[in-house]
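Please find below a short note on the model shown here. The points begin with a single residue and then turn to the chain as a whole.

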Amino acid sequence: MRTLGRSGVEVTALAFGGAGIGNLFTEVGEEQARAAVTAAWRHGIRSFDTAPHYGLGLSERRLGAALRTRPRSAYTVSTKVGRRLEPSDGTGDDLAAGFAVPATQRREWDFSADGVRRALDASLDRLGLDRVDVVYLHDPDDHAEQAFREGYPALAELRAQGVVGAIGAGMNQAEMLTRFVRETDVDVVLCAGRYTLLDQSALTGLLPAALARGTSVVVGGAFNSGLLADPRPGATYNYKAAPDELLARARRLRSVAERHGTTLRAAALAFCAAHPAVASVLVGARSAAEVDDCAAQFATPVPASFWRELRHTGLLPAEAPVPGEQPT
């Protein structure tokens, strides 16, 4: 277990991401979703992440139901604020936002203090919990002023009141997360897709700043939404079809991994976990089989020869730490 900043909230090195059980891209049945969470528990995963955005609340409801019989002190749950869910009289589905659920609700951006509190209350109701351990400001890219002026202070007040244990921001970019680390007293930031074998944009700003401030980093998107899990034609990168040049690079990485007797999936997870600022690697899964595979890959040592070849061929910058090393 690792502690998030100075909060006292502990997380496991591998965490369960709940977007998949919120019907990301395709439908997932109730039993399949429950089995995925059960498999995570069986593998010793005790950190679970979700958000209202994931399936218009479906992920929160399913996660809460799957954890209901577990001792509350034995696990940590993180959720997010910034998108309030409001009733909608619209028809059709939510696939335009990426989720295979009926469009019975609509998302309203709201990083105001009142919006943060209302969103958290609604999340607690869907989860069936009286508290969550970590709350992130979710994707405030286009709402920076309100997020810093109102959203963050509201979370800081909730933390001071003991309503939540740790606070932070979760985004698919490194730059604004670096600002959160430097200008606020967040405990943790969730950086999705910006510290992977294909994208190390968090390496020069965010991760050193987090180390200097004692702020924890949770890395999400270790597979860049699929490309590093299975680099085949049609694979997704950042939730869109992967460009040809990135597909070719991912295939080169896979070839190197196979030559050294490991897998690209194991290497992708090991790379994310190797930086000393990283407290946990968050991996999304929609089935027990996917959880089983992620846990097995995460536990698989990656040969040092693999990392040496990546550096020698320029597939990995020399300054990126690998397992067993410290950043230079």
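1. Does Thr 196 count as buried or exposed? Thr 196 counts as buried because its relative accessibility is 0%; buried means under 20% relative accessible area, exposed over 50%, and partly exposed in between, with a 1.4 Å probe and protein chains only.

2. This is a predicted model, in which local features need pLDDT of at least 70, side-chain atom pairs count only at pLDDT 80 or more, and totals for chains, interfaces and linings use all residues. Residues are numbered from 1 along each chain as its sequence is written, and side-chain values use heavy atoms, with hydrogens and water left out.

3. Thr 196 sits in the loop between strand 12 (188-192) and helix 6 (206-213). Beyond its neighbours within four places in sequence, Thr 196 is in contact (heavy atoms within 4.5 Å) with Gly 221, Ala 222, Asn 224, Leu 228, Phe 271 and Cys 272.

4. The chain contains 10 helices and 16 strands. These are DSSP runs numbered from the N terminus: helices are H or I with at least four residues, strands E with at least two.

5. Of the 328 residues in the chain, 56% are buried. Among contacts with a separation of 6 or more, 73% join residues 24 or more positions apart.

6. Along the principal axes, the C-alpha atoms fill a box of roughly 55 × 40 × 35 Å.
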